[in-house]
Amino acid sequence: MNKRSTLAALLAAIAVAGAQGCANAGSLSGPYIDPDQFTKVPFGSQSHWAQPWRSYGPTVPASTFVNGTGAVFNVIYENPDMIAKMLASHGIHHARVEIGWGLMSYDDETKIIPAQEKKVLANLTAFKKYGIRPLILLNAHQAGPCPYKLTQQVLAADAHTGDMTVQLKDTSGLKVGYSGLSNIVGYVMGEQLITKIDGNTLTLAKPVPKDLTAGATVQVATLKYRPFSKPDTDDYKETVAGWQKYVESVTKIVSDALGTTDAKDKGFDLEVWNELTFGGKYLSINNYYPDKPSKYQDYNERSIYTNLVKATADVAEDHTSEFSGVQIGDGFANTMPWSASSEEPARVAAIDKHPYPPRRSYPKNNPRGNNLNAKYEIDPYVPTYDALFPEYNATSIQTENIVRDMGPITNNVGKTAHGRLSRTVNGTVKPTTVWITETNVSAGVDNPSVSNETALLVKAKTTLRFYSFFLNKGVSKVDLYAAMSNNRKLGDKELGIVQANFVELALKKDAEYPADDSSYTAPALAATSRMVAKMNNGLDPSLTKTHPISLISISDTHDHAQFKGDGTSEHPDLYDRDVFAFLPFQVNSHRFVIPYYVMTRDVMKPLDPEKFTLTLDGFSGKKASITVYDPISDKTVPFTLESAGGQAAKITVTAADYPYLLIIDDPTLK
C-alpha cells in the first residue's frame, strides 16, 4: 500500500471511530493548507476570516530558526559586553546595530569620529567575543545625515519668525549650499541651508522657524554632502558617491573589528535605511528648499528609495572579496508595502519589514477598503473583538500584509509582482527572503495596571510566537525591539527582552557576569534558549531539502472561538481551530521540532490550554518517538496517540496561546 492510500485508510478509520461513538467534534470548513486564504483576498481588500499564512505550509530547516533569532542592540552605554553575553547565552544569534553615515569623520571618511568610535568598536568586539552576527544598519538620519562639522555661532542681531536672513558675528568657514542653521526646532541638521553669504549676513533657503535674540548661540552645521537630489545632477552624483564611500568604509571597519578581513564570510550583513516614518528629510533636497529650484523640479523624489539600494548593491558587486558573505537587505521596505522582490537588484538578499502589531478594536478600527466575509464576498459586516497579537501583519485584517512578500505565491500589488519567488535574474528565479529588523508588541505590557510578572509572561509568549511563526513562514531574520528597555523607570513593563534587574546590574561600575544568571534571566530569554536547544539537538546545518510533515485535519470538541459571528455561513465564529498555528522545522533526516499554538487575537487575555485532535502525515506514526514540550514551564506535556498507520498518525494534543513543541523522531527516515 502506498503512502497516500495508507493515509486514506487512516482517515477512513478515523471517520468510522467517530461514527462509533466518539464525541462529535468541530472541524475546519476546508483544508488546513488552502491557497484561497491568500489568493482570494487581493490587495485593496481585507478580511477578518481569511488566514493568508495558511495558504502554504513549509517544513523549514531548523538551522533557519537557530540562525534567525535576533534583537535590536540598543545598548547606550560604553560596556555592552554583559548584555551581549546574556543574549548570546540564551539563543540570540544576531543583533541589529546602526552605524550611521553621520558618525563618519568629515576630514577622513574612512574613520568614525573619535567621540563615537569607542562605542562602535565595543559593540563589535562584544559581538565577536560571543558569536553574535551583527546586522549593520546604514542610515542617514536627518539629525546627522552625513559627515559634518558643527559650530556654535553667536547672533549679531535679532531674527524673527519668518525671516529669510540672519546676522552672525562670524561666518568664516561656512559654505553656501552645504552649511545651515541646525536644530532650532526639532532635530534637523542644516535645515535652514545658506543660499548666500554677504559679509556677516546669511540668506537662508527656509525661513527662521522661531524668534532668535541677538547674543544667543545657534548651531550651524556644514554638511560634507548636499541632500539627495534629482538623479544625474552633479549634486546627486556627488552625494551618492559619498554614500558608496561610506558603505565601503563601514564594511572595512566592521570586518577589521570582527577579524574577518580574510574570511570567506565576513560575518555580518547590511541593511540600507531604517524607516520612512521619521528622520528622512535628507532623502530629498526639496525638504530644504520650500521654493523648489528649477533644476530640482519635476522629478520623482521617491526614486532615491530604489536608487540608494542599487548604489549599495553596486559597491558589493564591484568589491566581491570585501563583501564576501555579506547579505544586503532593503530597509526602505520596512514601513511601506510597495517594495517588491521582483524589482530588487540581484545582489540584494532581503526585503525588510517592521511589522509592529497595533492595538485595535473592531468594528471601531476597521480599515477602509473592501471588507470580505468568510465566503470572500464584499460585505460591510465587521465582527466585534479586540486585537493585539504578534502575527497581526500576517493576517488579512489589513490589506498590507507581510504574506504578500514572505510567501511563495507570486501576487500583484498594483502592477508589480510580489512574493519571495517573483524575482528572475537572467531568466532564472532568484528568491529573496524577508528580514524583520524591528518588531514587538508595543502596547499593553506598559499598562500601569499590568503586574511585572504578567508583563514578563506576556513578553515570553510573544517572543516565542514572533520567532517560531515568522521563521517558519519565509522570514530568515527576526530582530525584536529591543535588547533592553528604553525607559528604565518602566523596567520590565516596557519593550526589552533582557530583564530589568540584569540591566541595572550591567550598568554598575566594574560589574561582572553572575556565575548563576537564572534570577537575572527574563522568561522570554529562558524560553528562547530552551527552544533553540531543542532545534540544535542533532542539528544538521547542511540540511536544505526537507521532508514535509503536514497537518491534514484538525478538530476539537469545545468550539472555542476568537470572536463570535452572527450564526450565518457568511459571518461564522472564528474558531480557535481556524487560527491553530502548526509550524514544522526539520532538525536532521529523521528529527522534527514543530511549534504549535492557538493564534489568539489579544495576548493580554490569557487562554486556558485546550485540546485539539490532529491528523498528521509524513512520518511513521507507529515507529516514531513523539513528545510534547512546553519551553516556558520547561516541562513535558501529555498527549494521546489515537491511531497510527503507514506514514500518518492521529494525536490529541493540548495547546496554549504560545508555542508548545511537538517533537518527532522517526527512525524509518534515517
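Reply: Happy to! Let's start with two helices: α6 passes α7 in a right-handed crossing, meaning that the near helix is turned clockwise from the far one by less than a right angle. Helices here are DSSP runs of H or I with at least four residues, strands are runs of E with at least two, and both are numbered from the N terminus. This is a predicted model, where local features need pLDDT of at least 70, side-chain atom pairs count only at pLDDT 80 or more, and totals for chains, interfaces and linings use all residues. Residues are numbered from 1 along each chain as its sequence is written, and side-chain values use heavy atoms, leaving out hydrogens and water.

Me: What makes α6 oblique to α7?

Reply: The angle between α6 and α7 (residues 303–318) is about 50 degrees, and their axes lie 9 Å apart. Under 35 degrees would be roughly parallel, 65 to 115 roughly perpendicular and over 145 roughly antiparallel, with the rest oblique. Therefore α6 is oblique to α7.

Me: Which residues of α6 and α7 make the contact?

Reply: Among them are Trp-243 and Val-247 of α6 and Leu-308 and Ala-311 of α7; contact means heavy atoms within 4.5 Å.

Me: Which residues have the most contacts inside the largest nonpolar core?

Reply: Ile-83 and Trp-243 do, in a core of 162 residues. Helix α6 (residues 234–258) gives the largest share, 10 residues. A nonpolar core is a set of buried (under 20% relative accessible area, 1.4 Å probe, protein chains only) Ala, Val, Leu, Ile, Met, Phe, Trp, Tyr and Cys residues joined through side-chain atoms within 4.5 Å.

Notes: Buried means under 20% relative accessible area, exposed over 50%, partly exposed in between (1.4 Å probe, protein chains only). Axes are lines fitted to C-alpha atoms, for helices over the stretch in contact, and angles run from 0 to 180 degrees between N-to-C directions.
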